[in-house]
Amino acid sequence: MNVLVGKNKYKLFLIMFFLFAIINGCSKNSALIENGISEYSIYVSENAAPGEKYAARELQKTLKKISGCELPIIHSNNTSAKMIFIGFDGAPKSILSDLTISKFGNEEFIIRTVGENLLIAGGKPRGTLYGVIGYLNNLGCRWYTREVVKIPKKSTIYISGEDIRQKPAFEYREAWYKEAYDSKWAMHNRLNPIAKPLTHGGVEHSILPTLDSLGGSYIIYPFAHTFYQLVPPDKYFKEHPEYFSLIDGERRAERFATQLCLTNPDVVNIATQTVFKWIKEHPQANVFTIDQMDGYGYCECGNCKKVDDAEGSHSGTLLRFVNQIADTVAKVYPNIKLQTLAYTYTEVPPKTIKPADNVIIRLCHYEYCSAHSMLGCDNHKPFIETLQAWKKITKRITIWDYFSNYHRYLLPLPNFEGVVNNVRYYADNGCIGLFAQGCNVPDNGGGEFTELRAWVFAQLMWNPWQDGWKLIDEFINNVYGPSAPYISKYIKMLQEKVKPDSVYFSIYAKPAEGGYLTVETLQKAEALFVQAQKAASGDAGLLKRVELAHLPILFSRLHFYSVGGRANLNKEEMPAVLEKFERIIREHKITKMAETDGHSDISAFVKRVKAANEFISDWQIIGPFENPDGKGLKISYPPEKEFIVDKAYEGLGGSKVKWQSYSNPLSGYIDFTKLFKMHEQGVTYAYRVFKMDEDKQLKVGIGSNDGVRMWLNGNLVLDHQTKRRAEPNQEILNLHFKTGDNTILIKVDQFGAGWGFYFSMLEGDIKSRN
Ligand SMILES: [Zn+2]
Ligand SMILES: [Zn+2]
């Protein structure tokens, strides 16, 4: 054997060795656990923070679930043994080397391997725990829901070489879904929500943050709308009405309608004292809230008006007030931050006043387009301009964005483009926090896809530069298993429907708004859920989750039924669908269907469905005719004298108008705005023939927007001049129908906004209609 061959052989051996190492992730010596056996111990200092000690136990417990091997937790630092160091305390210099521990943010961590030792450590109080979660995430562990947790089985785990150093994109991360307030779920998904669900605009909010033993959370006190906690009207209004808003020459203090007089020096003093009291009483909080009550009612006194006029916005008086308190607080508590809203009448930033360095601006994004993301359509432009304007005067902006249907938590809501993209937009623009207002349903939760949304938000708030749709797919695949393809198809079908630029719906959208819940879509969705439920059979837990995902479609079908739509649900099928709806509601302990009181009552909804009338929704319609000075209802136009189907008449503004057929398969509401422009201030007629087998006395319900006249067989039976929103059965008439053909002519006028009517048969039914 010559030397050269030997050298080549040696080279080949080295290459083989490296290949082996690459394929296996590392050499044999750096296995943390090998075939379920480990020589490693988990070290955590006796003096570590509670969250760090918890992190050591979490790592121990989860590694055991993965590999079957339980690593001991030790507190004495024997550096000769193989060790996982949890937290910086007690970790040897050799592993810390270049790290400046004081530079780690309170949630920032590093995962580092030096020789045979592993370090998982971060800033206090949560960095180390989040590092352990990050490490377990890299091993494939996921905490999707409180029930569905994925822990992969691996008997061998290697430790890798590269440093991983991370911190969250936002310092404050809260997703307002009931499920996300489970302390352990929030910890595993690295949300730091401030509190248990809160009553909106209430006086005192209960604070129940993630336990310190689980790393604690980002604590703001109080949550929002705090003016009347700072200067309570109960205590001060009687003696000092001048502390409160001057509106139309009168001092007032009413919840949801008024605010404080922010330029009154006594108000500044009292509010400052309250803030100091709060700081003493809530030592765990480092953000305190000074912000307006919900609603409007800002002070119009001379001093306030002068500031606001000069600043071009009511944020002028607000920021001047907050800055005064912030300056006093900064002298005593340099680390405390004060937070205020940029919301409704304070959304636009002031011209010259800038927020003090210890002030956070909480900017709200609401009432824009829910169909598209921030950069996805022009409807977000006003908000983008506002955000950019605030960015010029402050570095501390936290966002309050709305991701639910405020009035209908259970309505299908294809707003996922906003969910996956808006978080990144906020991070790219340097925002420091995000409160994603979802649908927080008391007790157990259960709005539309709340667990999916909470999980995706949590991942994106940590790292917004991930592919959000990939996260959605991952969640669906793992949480819905064999039913996943159908759930995925369903979500994407609705999402596809709202893609066009022309689609718009807001967070207050009614079920038919946005146009994505058509008869066809609801049918397809129903079919997908039939398949999803079939695929889930035999797995009770999965079936329960699939049924919860189905609930919004059942809700939609029942809703359209309740307003007279029969295309997706007929009278015979309704009781079974309603029964299923009520069973799912019961099983998931859902107690509320909306943010707003008027829409949240489940039993009222069930009652409405059960009492749904037979609406007549196919009519001949002609209009609009002139409505001069709003008196058009009284002017007799040709349709009151004759019905000639193809004759043209002179209508509004000299236009030619003819009869046209109309029918609405989703609702009993005859919506004239589908035929005519909403702003046209006209009057319109609807005509129909009812055929009777015999003479009959029938009860008929009418609802109209706005005023209405009705003729039965040419005789005026209803004349009501009014301005109102249409609801079924605003008038109930007892009418005599004769054998054979009966004609009904309805005339409705218009004064802006909606335009249309309901017509229902309340007693008896019309068997033979034309
Ligand atoms: Zn004032
Ligand atoms: Zn849009």
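**Spaces and helix pairs**

Tutor: Let's start with the cavities: the count comes to six of 30 Å³ or more. This is a predicted model, where local features need pLDDT of at least 70, side-chain atom pairs count only at pLDDT 80 or more, and totals for chains, interfaces and linings use all residues. Residues are numbered from 1 along each chain as its sequence is written, chains are lettered from A and ligands numbered from 1 in the order in which they are written, and side-chain values use heavy atoms, with hydrogens and water left out.

Student: What makes something a cavity, and what makes it a pocket?

Tutor: On a 1 Å grid over the protein atoms alone, a cavity is a set of points where a 1.4 Å probe fits but cannot get out, while a pocket is an open set with protein on both sides within 12 Å along at least five of seven lines. Lining residues have an atom within 4 Å of a point.

Student: How much space lies in the largest cavity, and which residues lie nearest its centre?

Tutor: About 120 Å³, where volume means the space filled by probe spheres set on the points, which are joined across faces, edges and corners. Its lining has 15 residues, with His365, Cys369, Ser370, Asp401 and Tyr402 nearest the centre.

Student: And the largest pocket?

Tutor: That holds about 1500 Å³ of space. Of its 48 lining residues, Lys510, Pro511, His559, Tyr669 and Tyr758 are closest to the centre. Helix 17 (540-562) gives the most to the lining, with four residues. Helices here are DSSP runs (H or I, at least four residues), numbered from the N terminus.

Student: Why are helix 16 and helix 17 called roughly antiparallel?

Tutor: Helix 16 (residues 519-535) packs on helix 17 at about 155°, with the axes 10 Å apart. Axes are lines fitted to C-alpha atoms over the stretch in contact, and angles run from 0 to 180 degrees between N-to-C directions. Angles under 35 degrees count as roughly parallel, over 145 as roughly antiparallel, 65 to 115 as roughly perpendicular and the rest as oblique. The pair is therefore roughly antiparallel.

Technical notes:
Helix = DSSP H or I, 4+ residues; strand = E, 2+ residues; numbered from the N terminus.
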